[in-house]
Amino acid sequence: MSGNDSATPDAARDATSDATLDATDREGRNPLLSVRDLRVRFRTEEGVVRAVDGVSFDVYPGETVCLVGESGSGKTVTGEAITRLVKSPPGEIEGEVVFDGQNLSDLSEKQLRKIRGGRIGHIFQNPQNALNPVYTVGWQVAEAVRLHTDASRKEARERAIDLLDQVGIPEAAARYGDYPHEFSGGQKQRVVVAQALAANPDLLIADEPTTALDVTIQAQILRLLADLREEFGMAVLLVTHDLSVVAEVADRVVVVYAGKVMESGDVYNIFEDPAHPYTRALLDCLPGRGGETRGIPGRLPDPTNPPDGCRFHPRCPHALPECREGAQPPLYEVADDHEVSCVYYDGSHDPTAITGEASSRPSFPDGGGGGGVSDRANVRPDDSREDEDDE
Ligand code: SF4
């Protein structure tokens with residue numbers, strides 16, 4: 001289906017507010033994480049950068065949600081703003097972040113520190129920066145354990161060795177006393193994962209955890225995250241620009257552009273019935289999708305001076321006159337668990353102008369089946385990653 005049947009104005013909600021959103025999922029569960037109208041601004045000499053401008057989404061227990069968009073779209077800042085990791089000043093955060101029923105916006109910095117690295121683990125982009133070169137990796141993992149649990153030094157050491165073993169560091173006990181420079185890039189990323197898991201988090205926020213790793217190591221890390229998610233029952237919020245990664249691991253996808261949510265939905269909806277021109281353009285960049293590999297023409301707008309109307313309009317091949325004025329279109333519900341911020345879904349336009357006929361729609365990378373890393377793995381990431389030897 002093209003997804004437009006239910007696209008009536010009544011089904012729309014403001015892309016920047018969420019009062020009408022029923023936050024329970026199909027099984028009636030409450031979200032573990034609920035982000036509502038999140039805004040992050042940076043005051044700079046060039047002006048106010050609106051990095052995140054009214055982003056809302058949920059993460060349910062045990063699921064993997066991918067925040068997707070080009071570099072500079074605001075997805076990394078969104079992930080950091082959840083636990084207020086954005087430095088203030090110059091950053092200013094507004095909006096509501098509710099984690100397991102607790103509004104994180106109400107917490108003091110000291111209370112938040114307990115949650116960060118405790119119930120919410122973070123994996124940052126670059127393991128080189130995440131690990132301190134002057135301390136052994138074992139000590140650094142053990143410190144993460146001690147910081148968030150009552151473990152004694154001995155217990156923390158044992159737990160650190162366990163974690164290093166669980167993330168696939170061979171001979172973990174023997175490598176406990178090694179320094180970061182003695183590990184390969186892939187192994188360092190595994191150590192960073194072990195650190196993030198030190199307190200058995202309920203939610204893991206992973207920002208481009210496989211960037212700069214070669215294809216083989218990337219697949220290993222993604223499989224590791226999927227296995228650990230299964231074993232620990234944690235939810236994962238994965239921040240990535242790489243749709244091939246999304247295809248492998250996501251349950252649900254939130255597509256972000258210029259600080260706004262353009263489309264969100266179940267991973268199969270996003271890959272089989274992509275409704276937003278930006279999502280479709282991103283998918284066309286995947287090898288094997290859209291017939292060729294190419295970038296999206298044009299560039300992200302100036303974040304200090306975003307365009308009126310739909311933020312994607314300067315790059316959108318389907319833009320109408322009304323796309324260039326007013327505010328970002330609201331999010332129209334086009335199917336169960338599938339929302340799109342585009343005027344073509346307001347009930348008075350024909351969305352097939354964007355989506356085409358059913359027969360022309362792309363198919364999910366694994367042919368529509370699957371559900372895990374192994375059976376989605378025929379989408380290959382771009383091969384521009386640096387090669388490196390690993391375990
Ligand atoms: S609202 Fe207009 S400019 Fe924006 S994606 Fe839809 S058609 Fe394109």
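Helices H4 and H7 pass each other in a right-handed crossing. That is our starting point, and please keep in mind as you click around that this is a predicted model.

**Stop 1: H4 and H7.** Select residues 137-148 for H4 and residues 185-196 for H7. The two helices pack at an angle of about 20 degrees, and their axes lie 8 Å apart. An angle under 35 degrees counts as roughly parallel, so H4 and H7 are roughly parallel to each other. Now show the side chains where they touch: Val137, Gln140, Val141 and Ala144 come from H4, while Val191, Ala194 and Gln195 come from H7. Colour this contact by class and you will find five nonpolar residues, two polar ones and no charged ones.

**Stop 2: H4 and H5.** The crossing of H4 and H5 is right-handed. On the H4 side, pick Gly138, Val141, Ala142, Val145 and Arg146. They meet a group in H5 that includes Ala156, Arg157, Ile161 and Leu164. By class, the contact of H4 with H5 holds eight nonpolar residues, one polar and three charged.

**Stop 3: H7 and H8.** Go back to H7 and select helix H8, residues 215-232. Their axes come within 10 Å and cross at roughly 15 degrees, which makes H7 roughly parallel to H8. Here, too, you can check the handedness: H7 and H8 cross in a right-handed way. Look for Gly186, Gln189, Arg190 and Val193 in H7, which make the contact with Ile217, Gln220, Ile221 and Leu224 of H8. These residues divide into four nonpolar, three polar and one charged.

**Stop 4: the sheet.** Switch to a cartoon view and find the open sheet of four strands, ordered S3-S2-S5-S6 with antiparallel pairing. Which strands lie at the edges? They are S3 (47-59) and S6 (102-103), each of which pairs on one side only. Next, select S5, residues 91-99: S5 and S6 are joined antiparallel over two bridges. For one of the partners, click on Val98 and look across to Asn103 in S6.

Definitions and conventions. Residues numbered from 1 in each chain as written. Predicted model: local features only at pLDDT ≥ 70, side-chain atom pairs only at ≥ 80, totals over all residues. Axes fitted to C-alpha atoms, helices over the stretch in contact; angles between N-to-C directions. Parallel < 35°, antiparallel > 145°, perpendicular 65-115°, else oblique. Left-handed = near helix turned anticlockwise from the far one by under 90°. Contact = placed C-beta atoms within 7 Å. Nonpolar A, V, L, I, M, F, W, Y, C, P; charged D, E, K, R; others polar. Pairing = 2+ DSSP bridges.
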